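Open the model in your viewer and keep the sequence panel beside it. This tour tells you what to select at each stop and what is there.

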Amino acid sequence: MTPFGEKLRQLRAEKHLTQRDMAAALEVSAAYLSALEHGRRGAPTAGLIHQICQYFGLIWDDADELTALAKLSRPRLKLHAGGLTPAQTALANRITRELRHLDPETVAAINALLDGAGATAPARPARAKPRARVKAAGREW
């Protein structure tokens, strides 16, 4: 289950709604809604997220939270290892193999470790300014 799917299921349960009823109101299939909740489908479109927010009356922070959870809910992850060290690449591969078998406490501990290490995406470096052309003896270089 993805973070978005978990939140969607929680919202639905709080209102005592079935997937079928909610799917009909959103004009999607119950199978699609089930796949979203279970993480078998990719993140929903911005339009569907907006519909869900309207359906549940979510505004401001709650709507922003649902949008952020959707961005974190890609069931297929990609990692481009170019530029990583061999140790980082090995760690990424190991996590890929073993993540499914980690207990919730270990996952929480890894998240806390990464949070403490300041493991946020670094700002992109500024692009280099184009070189000024130098004129010497009537020629540009």
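**The whole chain**

Of the chain's 141 residues, 22% count as buried (buried means under 20% relative accessible area, exposed over 50%, partly exposed in between, with a 1.4 Å probe and protein chains only). This is a predicted model, so local features need pLDDT of at least 70 and side-chain atom pairs count only at pLDDT 80 or more, while totals for chains, interfaces and linings use all residues. Residues are numbered from 1 along each chain as its sequence is written, and side-chain values use heavy atoms, with hydrogens and water left out.

Colour by secondary structure. You have 7 helices and 2 strands. Helices (H or I, at least four residues) and strands (E, at least two) are DSSP runs, numbered from the N terminus. The order from the N terminus is α-α-α-α-α-α-α-β-β.

Now show the surface. The accessible surface of the chain is about 11,400 Å², and 56% of that belongs to carbon and sulfur atoms. Accessible areas come from the Shrake-Rupley method with a 1.4 Å probe; for residues, only the protein chains shown count as cover.

**Stop 1: Ala23**

Select Ala23, in helix α2 (residues 19-26). Is Ala23 buried or exposed? Ala23 counts as buried, at 2% relative accessibility. Leaving out residues up to four places away in sequence, Ala23 touches Val28, Ser29, Ala30 and Leu33 (contact means heavy atoms within 4.5 Å). Ala23 and Leu33 are 10 residues apart in sequence; their C-alpha atoms are 6.4 Å apart.

**Stop 2: the salt bridges**

The structure holds 4 salt bridges. A salt bridge is a side-chain nitrogen of Lys or Arg within 4 Å of a carboxyl oxygen of Asp or Glu.

Select Arg12 and Glu37. Their side chains meet in a salt bridge, 2.7 Å from N to O. Arg12 is in helix α1 and Glu37 in helix α3, 25 residues apart. Both are buried. Salt bridges that share partners join Arg9, Arg12 and Glu37 into one network. Between Arg9 and Glu37, the closest N and O atoms are 3.2 Å apart. Arg9 is partly exposed, at 30% relative accessible area, whereas Glu37 is at 0%.

Next, pick Glu65 and Lys7. Their closest N and O atoms are 3.7 Å apart in another salt bridge. This pair links distant parts of the chain: Glu65 is in helix α5 and Lys7 in helix α1 (residues 3-14), 58 residues apart. Glu65 is partly exposed, at 34%. Lys7 is buried, at 17%.

**Stop 3: α4 across α5**

Select residues 46-56 for helix α4 and 60-71 for helix α5. Their axes come within 10 Å and cross at roughly 145 degrees. Axes are lines fitted to C-alpha atoms, for helices over the stretch in contact, and angles run from 0 to 180 degrees between N-to-C directions. Show side chains: Ile49, Ile52 and Cys53 of α4 make the contact with Ala63, Leu66, Thr67 and Ala70 of α5.

**Stop 4: a nonpolar patch**

Finish on the surface. Select Leu91, Ile95, Leu99, Leu102, Val107, Ile110 and Leu114, which form a nonpolar patch with about 530 Å² of accessible area together. Patches are made of residues with over 30% relative accessible area and no salt bridge: like charges are joined within 9 Å, nonpolar side chains (Val, Leu, Ile, Met, Phe, Trp, Tyr) within 5 Å. Which helix gives the most to the patch? Helix α7 does, with 3 residues.
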